[in-house]
Amino acid sequence: MHLDPSLFDPSRADPETIALNGQLERLSTNLPNPIEVGIEPLREARLKGRGLFGPIIRSPNGIDRTIPGPNGPLKLRVFAPDHLQGVFLHFHGGGWAMGSAEYQDGRLEQIANAAGVAAVSVDYRLAPEHPYPAPADDSEAAARWIVENAVPEFGTDRIVVGGSSAGAHLAVTAMLRMRDHDDYTGFAGAALTYGFFDLSLTPSARNWGDRMLVMNTDLCRWFADAYAAGADLADPDVSPMYADLIGLPPALFIVGTQDPLLDDSVMLASRWAAAGNTTELVVVPGAAHGFAGAPTRVGSEARERTDRFIAERIG
């Protein structure tokens with residue numbers, strides 16, 4: 001893994017990315033602040049299409065199903081093309097407190113068709129109503145079900161795990177738990193986009209300050225506290241940054257330099273590689289948290305790189 005210092009030069013950011021950051025900053029400032037009003041108004045804004053990336057569009061091709069979960073039925077959202085070679089187990093973002101398996105139908109359907117996989121997203125329980133370990137328990141249960149049922153359900157045992165932001169955190173947590181609880185290290189890959197891997201806050205998150213560009217320091221801390229609910233933030237099951245990473249699959253990390261969680265990806269990717277795992281780190285100059293969901297050149301490139309990675313690991 002090589003890290004090019006020039007990627008962190010502010011002059012490397014393209015004009016489209018800079019313009020998107022300005023738009024995201026304005027939108028972020030105008031959205032309800034859960035620190036002040038609680039999480040419900042922010043959830044409501046997202047549900048009504050007033051989130052950072054517009055309305056939620058549900059695809060008619062998605063299939064809702066349930067599997068046994070640790071607290072009753074656990075919902076999955078599935079996109080399965082006619083000809084598939086693997087499974088992509090997806091965990092949505094939203095700070096462990098927002099979002100749903102059906103909020104990114106377009107992207108999941110795109111992954112399913114581009115990579116030739118069944119894209120399976122997990123509706124894990126949300127904090128603060130259901131703090132740690134509930135989301136992690138649901139994620140582990142979904143991972144175990146996929147491992148046990150991928151062949152009879154989808155005709156393949158090739159499984160890539162991934163997600164963005166809090167979803168990337170749960171993807172790593174699920175893989176670690178499957179390794180430690182089930183002695184399973186057979187995942188084919190991990191696609192991890194701007195993950196939140198250290199809930200005690202890495203230097204980039206601690207030093208970001210008040211600027212509200214999707215996230216800021218206080219909001220990072222609020223989401224981490226809502227999820228952890230008093231648990232030890234340095235516990236590897238809470239913050240995978242502190243985990244033993246031996247025996248994990250090849251991973252693709254993607255993050256922008258204008259993201260408070262920049263160090264989470266840079267540092268975990270370094271530890272991932274140091275543990276002997278194949279690692280690729282993509283650092284995007286000037287890009288903010290969430291940029292891979294935007295209709296920009298760098299957003300499109302990030303999505304395409306993720307699709308290729310999944311297809312390569314499945315193949």
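Two strands are said to pair if DSSP finds at least two bridges between them. I kept that criterion at hand while reading this predicted model.

**Entry 1. Strand 7 and its partners**

I looked up strand 8, residues 279-288, and found that Gly256 stands opposite its residue Val284. I then counted the bridges: 7 of them join strand 7 to strand 8, and the two strands run parallel. On strand 6, residues 189-193, I found 4 bridges to strand 7, again in the parallel sense. Within that pairing I noted Thr193, whose bridge partner in strand 7 is Ile254.

I next asked how many of the 8 residues of strand 7 are buried. I recorded 7 of the 8 in residues 251-258, so strand 7 is largely enclosed by the rest of the structure. The cut-off I applied for "buried" is under 20% relative accessible area.

**Entry 2. Helix 9**

I followed the chain from strand 7 through helix 9, residues 262-274, to strand 8 and noted that the three make a right-handed β-α-β unit. Helix 9 has 13 residues and reaches 19 Å from its first C-alpha to its last, which is close to the 18 Å expected at 1.5 Å a residue.

Which residues of helix 9 are buried? I listed Leu262, Asp263, Asp264, Ser265, Val266, Leu268, Ala269 and Trp272. I noted as background that an α-helix has 3.6 residues a turn, so residues three or four places apart point the same way. The buried residues of helix 9 pack against helix 6 (166-182), strand 6, helix 7 (203-208), strand 7 and strand 8. Just after helix 9, I recorded a positive phi of about 95° at Gly276.

**Entry 3. Helix 10**

I checked the length of helix 10, residues 297-314. Its 18 residues should span 26 Å at 1.5 Å a residue, and I found its end C-alpha atoms 26 Å apart, which agrees. The buried residues of helix 10 include Val298, Gly299, Ala302 and Phe309.

**Entry 4. Pocket and cavity**

I looked up the second largest pocket and recorded a volume of about 280 Å³. Of the 17 residues that line this pocket, the closest to its centre are Val282, Val283, Val284, Pro285 and Glu301. Strand 8 and helix 10 are the elements that give two or more residues to this lining. Val284, one of those central residues, is the residue I had already placed opposite Gly256.

How many cavities of 30 Å³ or more does a search of the whole structure find? I recorded 1. The largest cavity has a volume of about 40 Å³. I listed its lining as Met175, Arg179, Tyr184, Thr185, Gly186, Phe187, Gly247, Leu248 and Pro249.

**Entry 5. Two single residues**

I looked up Ser139 and placed it in helix 5, residues 134-154. Is Ser139 buried or exposed? I found a relative accessible area of 0%, so Ser139 is buried. Not counting residues up to four places away in sequence, Ser139 touches Phe91, Tyr124, Leu170 and Ala174.

I then turned to Asp237, which lies in the loop between helix 8 (217-228) and strand 7. Leaving aside its neighbours within four places in sequence, I found Asp237 in contact with Tyr132, Thr173 and Arg177. The C-alpha atoms of Asp237 and Ala226 are separated by 15 Å, and these two residues are 11 residues apart along the chain.

Definitions and conventions:
Residues are numbered from 1 along each chain as its sequence is written. This is a predicted model: local features need pLDDT of at least 70, side-chain atom pairs count only at pLDDT 80 or more; totals for chains, interfaces and linings use all residues. Side-chain values use heavy atoms; hydrogens and water are left out. Buried means under 20% relative accessible area, exposed over 50%, partly exposed in between (1.4 Å probe, protein chains only). A crossover is right-handed if, with the strands pointing away from the viewer, the path from the first strand over the helix to the second runs clockwise. The expected span of a helix is 1.5 Å times one less than its number of residues. Contact means heavy atoms within 4.5 Å. On a 1 Å grid over the protein atoms alone, a cavity is a set of points where a 1.4 Å probe fits but cannot get out, and a pocket is an open set with protein on both sides within 12 Å along at least five of seven lines; lining residues have an atom within 4 Å of a point. Grid points are joined across faces, edges and corners, and a volume is the space filled by probe spheres set on the points.
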